[in-house]
Amino acid sequence: LFEIIDRYMILHFSGSPVEAALVDVGYYHSSRIVPVLFVTFSCMLASVILPHLSRDWEAGRRELVSDRMNLSLKLCTLVLSAGATATVIIAPVLFVVGFGGKYAGGLAVMPWTLTYCVWFGLSFLAEMYLWCAERARLGSYALAIGVVVNVTLNLLLLPWLGLLGAVLATAASKLLLL
């Protein structure tokens, strides 16, 4: 959802001509190719631990659920941070060799894209606790607030900072979501 909002905002509110805005959209999507894998990893981990958390929750072992969730979040943070660091190190080679040097704008915003993808992955994992506690509504509220913040910050930052503004708006909304 956030990516659709960002694309729409870049195209219509960046103040750039359509051709330049489309180039920025290409840069934006190129900066997300590897970071989205981190979100996918978090989603996979969340779907693996949810049955275990649910079993313990239903058995009344709420302290164990909390401990497992804390451990999962800490380990996931460590793995995603190490992966993001490795990605930042190899990104110049990826963009020059893999993408033929066409998406330098994507490389410029990739550190922030990695950051918000790590935050989003962690928030998805943390949401599993809300599911066990049957408070998924709270996760929905957080997501709705994040969308409102994303749109508002895009309106403020996009004309001023361009593509970086869109990525920073998304990063701020994902941090709020987390």
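Which pattern does the protein chain follow, read along the sequence? Then, as the part to look at closely, which residues of α6 and α7 make the contact?

A: Read along the sequence, the pattern of the protein chain is α-α-α-α-α-α-α. That is seven helices and zero strands (DSSP runs numbered from the N terminus, H or I of at least four residues for helices and E of at least two for strands). This is a predicted model, in which local features need pLDDT of at least 70 and side-chain atom pairs count only at pLDDT 80 or more, while totals for chains, interfaces and linings use all residues. Residues are numbered from 1 along each chain as its sequence is written, and side-chain values use heavy atoms, with hydrogens and water left out.

The C-alpha trace spans about 60 × 35 × 15 Å along its principal axes. Of the 178 residues, 39% are buried (under 20% relative accessible area with a 1.4 Å probe, protein chains only; over 50% is exposed, and in between is partly exposed). Among contacts (heavy atoms within 4.5 Å) between residues at least 6 apart in sequence, 74% join residues at least 24 apart.

Now the requested part. The axes of α6 and α7 cross at roughly 160° and come within 7 Å (lines fitted to C-alpha atoms over the stretch in contact, with angles from 0 to 180 degrees between N-to-C directions). That angle makes α6 roughly antiparallel to α7 (over 145 degrees; under 35 is roughly parallel, 65 to 115 roughly perpendicular, and the rest oblique). Their crossing is right-handed (the near helix is turned clockwise from the far one by less than a right angle; anticlockwise is left-handed).

From α6, the contact is made by A142, L143, I145, G146, V149, N150, L153, N154, L157, L158 and L161. From α7 come L163, L164, G165, A166, L168, A169, T170, A172, S173, L176 and L177. By class, this contact has 16 nonpolar, six polar and no charged residues (Ala, Val, Leu, Ile, Met, Phe, Trp, Tyr, Cys and Pro are nonpolar, Asp, Glu, Lys and Arg charged, and the others, Gly among them, polar).

Helix α7 (163–177) also packs with α2 (18–31), at an angle of about 45° and with the axes 10 Å apart. The two are therefore oblique to each other. D24, Y27 and Y28 of α2 meet L163, V167 and T170 of α7. This contact divides into four nonpolar residues, one polar and one charged.

E134 has a positive phi of about 55° although it is not a glycine. With 66% relative accessibility, E134 counts as exposed.

Elsewhere, α4 (62–98) and α5 (104–132) pack at about 165°, their axes 10 Å apart, which makes α4 roughly antiparallel to α5. Their contact has 19 nonpolar, five polar and no charged residues.

The largest nonpolar core has 22 residues (buried Ala, Val, Leu, Ile, Met, Phe, Trp, Tyr and Cys joined through side-chain atoms within 4.5 Å). L53, L80 and M128 have the most contacts inside it. Helices α3 (35–58), α4 and α5 each give two or more residues to this core. A second, separate core of 17 residues includes Y28, V147, V167 and A171.
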